[in-house]
Amino acid sequence: MLTFIEPTLFDKLRSAQALPSPGGVRLTIMQLCAQDNPDMAELIHLVQADPALSGRIIRIVNVLNAQRVRPIASVSMDSLLLVGLQAVRQLALALSLAETRAPASCANFSLPAFWAHSFAMACSAQAVTSQLRVAPLGEMFTTGLLANIGKLTLASAQPTGYSALLTRALDAPARLAMEQSLFGFNHLNIAAALMQDWKIPDLFCDAVLHYETPVVIGEIAATRQDEIVWTLHLAQAMAELGCGPAQQAPAALARAGTALAQLQLAPHDLLVLYQQAGQDWQEWTQTMHIAGTSPWQALDARSLETLRQRAQGGAPC
């Protein structure tokens, strides 16, 4: 039962074929992973034949087994079980959706820019999680990739109105309120509804619903939900710093500083994670043939000093 938007509205969008949906061989992989007793030989064969999916699984396995003398170079039953069939299913879903096309009638929506940012957020979420371990790496990569899938839905379902809205300078709460008023849903609650419909655990759906405007934890001990929300918030800031417009950088840096404090990370941690995410992102933009992407932007010394001052209670970002 959908809990993030009205089920009748969701069904209406589905009937109008306005919702992104997986297909092809990756849909078969998803279906196998969802079975109680899947044919592992067939699953391994299908995953091995998918360079993008197998490459991601191998990368996750090597992060989890960083102490091994030799890195894992191929997908096996052990690697699938280590990553987890739930995570494999979600990765297949995310990569299938990444091949979705947006309607040409949404003039101000750039599909290459959308997927460049989405993969940047996914890589950033995985990099942060590799240090904090708040959730399985594959599931956090998928959550980062799908966190903004509602924007693609708006471009498909309401191309003219959404194109016009994209020209307006609005902060996050105002944009969500305007989308809700104009279209009956916003890009976050439709993203959460889609993820719920795809059988992604509610923990991650709820996190997507709140990651743009997270609640400061304060002195109360952070819950796992809080940590996932703030990880996504930090991932969004890293994505904007890495591949977003230059004018977004100061605000993104400020958000990164706040998220670092909430996650109890230091500024020098960000530099390592940011470089890791950037390298991963460069590989993904090539793998997925995302056109028009510029190199990952480096964090300069001034930005790091600003973050250090913020962490020490000095000058604000």
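This report walks through selected features of one predicted protein model.

## About the model

Residues are numbered from 1 along each chain as its sequence is written, and side-chain values use heavy atoms, with hydrogens and water left out. Because the model is predicted, local features need pLDDT of at least 70 and side-chain atom pairs count only at pLDDT 80 or more, while totals for chains, interfaces and linings use all residues.

Helices and strands are DSSP runs, numbered from the N terminus: helices are H or I with at least four residues, strands are E with at least two. Burial follows relative accessible area, found with a 1.4 Å probe on protein chains only: buried is under 20%, exposed is over 50%, and partly exposed is in between.

Helix H2 spans residues 24-33. Its buried residues are Arg 26, Ile 29, Met 30, Leu 32 and Cys 33. They cover an arc of only 165° around the axis, which puts them on the same side of H2. The arc is that of the directions from the helix axis to the C-beta atoms. These buried residues pack against helix H3 (40-48), helix H4 (51-64) and helix H6 (85-97).

Take Ile 29 in helix H2. Ile 29 is buried, at 0% relative accessible area. Leaving aside neighbours within four places in sequence, Ile 29 is in contact (heavy atoms within 4.5 Å) with Leu 43, Leu 46, Val 47, Leu 53, Val 88 and Ala 92. Trp 281 is 252 residues from Ile 29 along the chain, and their C-alpha atoms are separated by 24 Å.

Helix H9 covers residues 149-157. Its buried residues are Ile 149, Gly 150, Leu 152, Thr 153, Leu 154 and Ala 155. They pack against H7, helix H8 (137-146), helix H10 (159-165), H11 and helix H12 (187-197).

Thr 231 lies in helix H14. Thr 231 is buried, with a relative accessible area of 0%. Neighbours within four places in sequence aside, its contacts are Ala 125, Val 128, Thr 129, Leu 132, Val 134, Met 140 and Leu 263.

## Aromatic rings

Rings of Phe, Tyr and Trp (its six-membered ring) pair if their centres lie within 6.5 Å; planes under 30 degrees apart count as stacked, over 60 as edge-to-face and the rest as tilted. The whole structure holds nine aromatic pairs. In one of them, Phe 114 and Trp 115 have ring centres 4.9 Å apart and planes at 70°, so the pair is edge-to-face. Phe 114 is buried at 7% relative accessible area, and Trp 115 is buried at 4%.

One aromatic cluster is formed by Phe 109, Phe 114, Trp 115, Phe 119, Phe 141, Tyr 162 and Trp 284. Phe 141 also has a charge over its ring: the charged end of Arg 56 sits 4.3 Å from the ring centre. A charge sits over a ring if NZ of Lys or CZ of Arg is within 6 Å of the ring centre and within 35 degrees of the ring normal.

## The largest pocket

Rolling a probe the size of a water molecule over the atoms shows where empty space is left. A pocket is an open set of points, on a 1 Å grid over the protein atoms alone, where a 1.4 Å probe fits, with protein on both sides within 12 Å along at least five of seven lines; lining residues have an atom within 4 Å of a point. Grid points are joined across faces, edges and corners, and a volume is the space filled by probe spheres set on the points.

The largest pocket has a volume of about 1200 Å³. It is lined by 39 residues. His 117, Lys 151, Glu 240, Pro 245 and Gln 248 lie nearest its centre. Helix H7 (111-132), helix H11 (172-183), helix H14 (224-243) and helix H15 (249-262) each give two or more residues to the lining. H7 supplies the largest share, six residues.

## Loops and a positive phi

Most residues other than glycine have a negative phi. Gln 17 is not a glycine, yet has a positive phi of about 55°. Gln 17 sits in the loop between helix H1 (7-15) and H2, and is exposed at 73% relative accessibility.

Arg 133 also has a positive phi of about 55° without being a glycine. Arg 133 lies in the loop between H7 and H8 and is partly exposed at 45%. Pro 136 is in the loop between H7 and H8, and is partly exposed at 33%.
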